[in-house]
Amino acid sequence: MEDTHLLTPYKMGQLNLAHRSYGSMPQPHNLLYYAQRATPGALLIAEASAVSYAALGRSKDDAANGPIHRQRPGPPGFLFGTNLTDYNSATDGVKATESGVNDRNNLSKWWFMSRLNESGNAGGAEESHYTLPSSLDAPGLWNQEQMEAWRPIVDAVHAKGALFFCQIWHNGRVFSTDNPVTPQVSYFGNTDDLAPAAPQRLETGEIVQIVEDFRVAARNAVKAVLRFDEGFDGVEIHAANGHLLHQFMKASVNDRTDEYGGSVENRCRITVDAMSAVAEEIGADRVGVRLSPFADHCREEGTDPEEVALHLIGVMNGLGVLYCHVIEPRCVSSIEEHRARRNVPHRLLPFRRAFHGTFIVNGGYDREEGDKAVGDGYADLVSYGRLFLANPDLPERFRQKAALNAYDRSTFYTPDPVVGYTDYPFLEQPLAV
């Protein structure tokens, strides 16, 4: 069988991954979903857990309504190697453990991210509409009940020898309750219906509280099973895709005149403060950061994306952040272009060169492009989204060069706990979890 860079081991800080492909109340079917994709030496990333009730886009008056019971949280991020979410250096000789062995130190170089907010370059362009999700479906990590709900899911992933990070996030204006949007939104082109309502300006004290919310959510994540060493293995701070931290970075959105607006340093201040607080709370070696410098979600055009990203990367280096996970620019703008074979533009190279830790890329990669990115040294890891959603055994399919299941975009954000979530077939159907 032909060797592939994606399937070689990789060492990320103190975590040994088997390959280089990376994937408000969790429910029992979420356990099945994550367990299906957990393998020895894999790294999974649970997507978009809110740091507070307000982070879901709800007003303070609504907070009394209590916790949100998520019916179907987004898919996990995953490093691709011998497992969808593991990675490890090819030179350090770490091998994937045998199937069923509970060894969380062996991961691989693939980072399969079964997350749906991967860059907009995914396949299946003929399915040009999807149902817009509600932020109220997102899980949370701000109270004890949520921590206990995560407990069996984290245990199930660890029992299979995989590592598990939790992405923590604040929605900002994207799903404001004052911002009605049409239920069906075109995946390509027209985003006029997504223009958010003018958000209420945050007071300085509220910004300080949001930073504290990130700190508390990170603490809760690593204590998710009530004992520090048995919770999530780390967190990924979501500072991308047009959500709150990203909104502050964009001069087209941020018109503040205080210490949180104006210069690049000021616009990045809330993100820097959140990274610093989380690193102080749980250790920088448990922290990753997700960036999308070139994204223009919700009319958030950026005039200085490289300068912003490099500033943040400099801070991450100073803190010793474990990994930087960056989304490629959108590289197609029409269904016709999308259907044609295209190469991913490697515009992230300056960030790769600047960051001292593990560098992960995301955005429209297939097996061959991902393998080349790792082989050329453009990235340490490659993350995959929709491909991993539709192929719970994606690393093995990559290894065998097997055909992939086609994903069904119409089921991406539906509440069904099975269809389009846990019913995609394996190459060989595994025993029930």
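The buried residues of helix H7 are covered by, among others, helix H4 (244-249), helix H5 (264-267), helix H6 (269-282), strand S10 (287-291), strand S11 (323-327) and helix H9 (349-354). The model is predicted.

H7 itself spans residues 305-319, 15 residues in total. From first C-alpha to last it reaches 21 Å, close to the 21 Å expected at 1.5 Å a residue. Its buried residues are Pro-305, Val-308, Ala-309, Leu-312, Ile-313, Val-315, Met-316 and Asn-317. After H7 comes Gly-320, with a positive phi near 85°.

| H3 | Ile-207, Ile-210, Val-211, Phe-214, Arg-215, Ala-218, Arg-219, Val-222 |
| H6 | Ile-270, Asp-273, Ala-274, Ala-277, Val-278, Glu-280, Glu-281, Ile-282 |

Sorted by class, the H3 and H6 contact holds eleven nonpolar and five charged residues, and no polar ones.

Ser-52 lies elsewhere, in the loop between strand S3 (43-50) and strand S4 (77-79). Because its relative accessible area is 10%, under the 20% limit, Ser-52 counts as buried. Its side chain reaches the backbone nitrogen of Ala-55 at 3.1 Å. Leaving aside residues up to four places away in sequence, Ser-52 touches Trp-142, His-170 and Asp-213.

Notes:
Residues numbered from 1 in each chain as written. Predicted model: local features only at pLDDT ≥ 70, side-chain atom pairs only at ≥ 80, totals over all residues. Heavy atoms only, no water. Helix = DSSP H or I, 4+ residues; strand = E, 2+ residues; numbered from the N terminus. Expected span 1.5 Å × (residues − 1). Buried < 20%, exposed > 50% of the residue type's maximum accessible area, 1.4 Å probe, protein only. Contact = heavy atoms within 4.5 Å. Polar contact = N/O pair within 3.5 Å; in protein donor to acceptor, adjacent residues only side chain to side chain. Nonpolar A, V, L, I, M, F, W, Y, C, P; charged D, E, K, R; others polar.
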